[in-house]
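Morning, everyone. I have one structure to show today. Let me put it on the screen.

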Amino acid sequence: MPKITFVCADGATREVIADLDQSIMEAALAAGVPGIVAECNGAAACATCHCYFESAYAAHTGEIGEHESEMLDFTASERTAESRLSCQVRVAAGMEGMTVRVPPTQ
Amino acid sequence: MTSAAPVISDITYHELLDDPYPIFRRVRDMASAVFVAPANLTLVTRFDDIVRIERDPVTYSSDNPASLVNKVMGPTFMRKDGAEHAAGRKAIEPSFRAGTIKEHWTPRFAEICERLIDSISESGEADLFTALAAPMASLSLMEMIGFKEMPWQTLALWSQSLIDGAGNYARNAEIERKAIEAGAGIDAAIEAVLDEHRAHANPSILSSMVHADPPMSIEEIRANIKVIIGGGLNEPRDAILTLTLGLLQNAAQRDSVLAKPELWSNAFEEAVRWISPIGMYPRRVTRETDLSGVVLPEGLQIGLCVGAANRDDRRFNDPDIFDISRPRQSHLAFGAGAHFCAGTWVSRQTVGKIVAPMLFERLRNLHLREDAPPLIRGWVFRGPVSLPVRWNA
């Protein structure tokens, strides 16, 4: 169960011990991380669980799906090379120490 | 302390249709769930409760064997949970993607809108329900589904007949007959184009369905197209009218959005929060549970009143006011959870970026008529049923 640090837009941080059978979005919601709305609860339909993932962990966060990639064009905050929908990223053991930045708006 | 859902029985169904908001407020202040006798349903009206319910599909199921939707439309993914729902949803996804919306649907829908506005621009007055919103919603849905061209009234009638049939709890024979007739018309319209979609993949929903892996069965295609017709026409129509109404009633807000077009998206979100086109949808309680102090027994049908939650004063300040400058905050007009509206982004684009801006741009000095006020009705579905306006022709 890796320890993941969420960094909110105002700089506040929250450390979360994430279960392996969860998505990052689920882990964040369970821990009450502010700034992740997740209106569609993981259906990749609303683009309100947008987060920025460190590229150093790309091997663990996996590939962006075609649908997810198109949904990322709808995010309220700027899409960058680090952007993912956190509902589409599964928690992996290799994510120990990873930082996930929460955007200012969803 | 938990107790059974309290009851409200001193209101009429007509009061609910005319103006549900005072009743919603009363329910919200009374308890997390209240049996409202004229609706014959236990209603949930608080924002946080609805969000919690939509995050727990095991306790609160969309599947209901007794649902009239299933009877009228067949086995649709809107009334399924988990993997079955997800498979249907995934099958239609390609038609609703960002790139497809931008590159394929936007120019087509803009053309439809231009044609409709051309046809009325010189007359100087119209009821925007029949002159713009209803034909716009019908013609664009027709293209998105992949039907052959037909009069906009045909698809609109099918949609209304299915909606009426799905809400026909009184088992009125005439309503049932019309719903069956609409269903037969839709099946025939699908049949007429399905081979073509099989042979030539394209962005339409029917094409996505037949080219999905695995492809949808014909029974599922028929049922799901009916859900899309029942649920994809009123909503953009009503959102167009509500957004227009909100801006026409608030001149300063209209001026600010016309001066700063980037505010259109705020205006659209505020319109569907203020008068949510889908006001209520059902869920079924699968096991006895406690919802914020009220015991809900197994098997209970509940109505999630998102139209009420979007005016919950625990979440929104002055919730009854249309205010496009309120702080951006998520609302429930598109639902929440796995059944979050698949058409959300199409509607944001069509209503907020194409139709409403074009309407105000093309019809100068657009204004309401004092002698013919707008009429708004409904609680399960709510929106202006008449919006008479004038402009400088």
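**The sheet in chain A**

Chain A has an open sheet of five strands, in the order S2-S1-S5-S3-S4, and the pairing is mixed. Keep in mind that this is a predicted model. At the edges sit S2 and strand S4, residues 83–85, of chain A. Each of those two pairs on one side only. From one strand to the next, the twist averages 35°.

Now take S1(A), residues 3–7. What does S1(A) pair with, and in which sense? On one side, S1(A) runs antiparallel to S2(A), residues 13–17, and five bridges hold that pairing. Here Thr5(A) stands opposite Glu15(A) of S2(A). The hairpin of S1(A) and S2(A) has five residues between its strands. Look at Gly11(A) in that hairpin: its phi is positive, near 95°.

S1(A) also pairs with S5(A), residues 99–101. This pairing is parallel, with three bridges. Phe6(A) has Val100(A) of S5(A) as its bridge partner.

Which residues of S1(A) are on the covered face, and which on the uncovered one? Ile4(A) and Phe6(A) are on the covered face. Lys3(A), Thr5(A) and Val7(A) are on the uncovered one. So much for S1(A).

Next, S3(A), residues 50–53. S3(A) and S5(A) run antiparallel, and two bridges join them. Tyr52(A) has its bridge partner in S5(A), and that partner is Arg101(A).

**Two helices in chain B**

Over to chain B. Find H14(B), residues 264–274, and H16(B), residues 344–362. Their axes come within 10 Å and cross at roughly 115°. That angle makes H14(B) roughly perpendicular to H16(B). The crossing is right-handed.

Which residues make the contact? From H14(B), we have Trp264(B), Ser265(B), Ala267(B) and Phe268(B). From H16(B), the list is Arg348(B), Val351(B), Gly352(B), Lys353(B), Ala356(B) and Pro357(B). By class, this helix contact has six nonpolar, two polar and two charged residues.

**Where the chains meet**

Last item: the two chains together. How many residues of each chain are in contact with the other? On chain A there are 14, and they touch 16 residues of chain B. The chain A side of that contact has seven nonpolar residues, four polar and three charged.

That's the tour. Happy to go back to any part of it.

Methods
Residues are numbered from 1 along each chain as its sequence is written. Chains are lettered from A and ligands numbered from 1 in the order in which they are written. This is a predicted model: local features need pLDDT of at least 70, side-chain atom pairs count only at pLDDT 80 or more; totals for chains, interfaces and linings use all residues. Two residues are in contact if their C-beta atoms, placed from the backbone, lie within 7 Å. Ala, Val, Leu, Ile, Met, Phe, Trp, Tyr, Cys and Pro count as nonpolar, Asp, Glu, Lys and Arg as charged, and the others, Gly among them, as polar. A residue is buried if 20 or more other C-beta atoms lie within 10 Å of its own, exposed if 12 or fewer, and partly exposed in between; C-beta atoms are placed from the backbone. Helices (H or I, at least four residues) and strands (E, at least two) are DSSP runs, numbered from the N terminus. Two strands pair if DSSP finds at least two bridges between them. Axes are lines fitted to C-alpha atoms, for helices over the stretch in contact, and angles run from 0 to 180 degrees between N-to-C directions. Angles under 35 degrees count as roughly parallel, over 145 as roughly antiparallel, 65 to 115 as roughly perpendicular and the rest as oblique. A crossing is left-handed if the near helix is turned anticlockwise from the far one by less than a right angle, and right-handed if clockwise.
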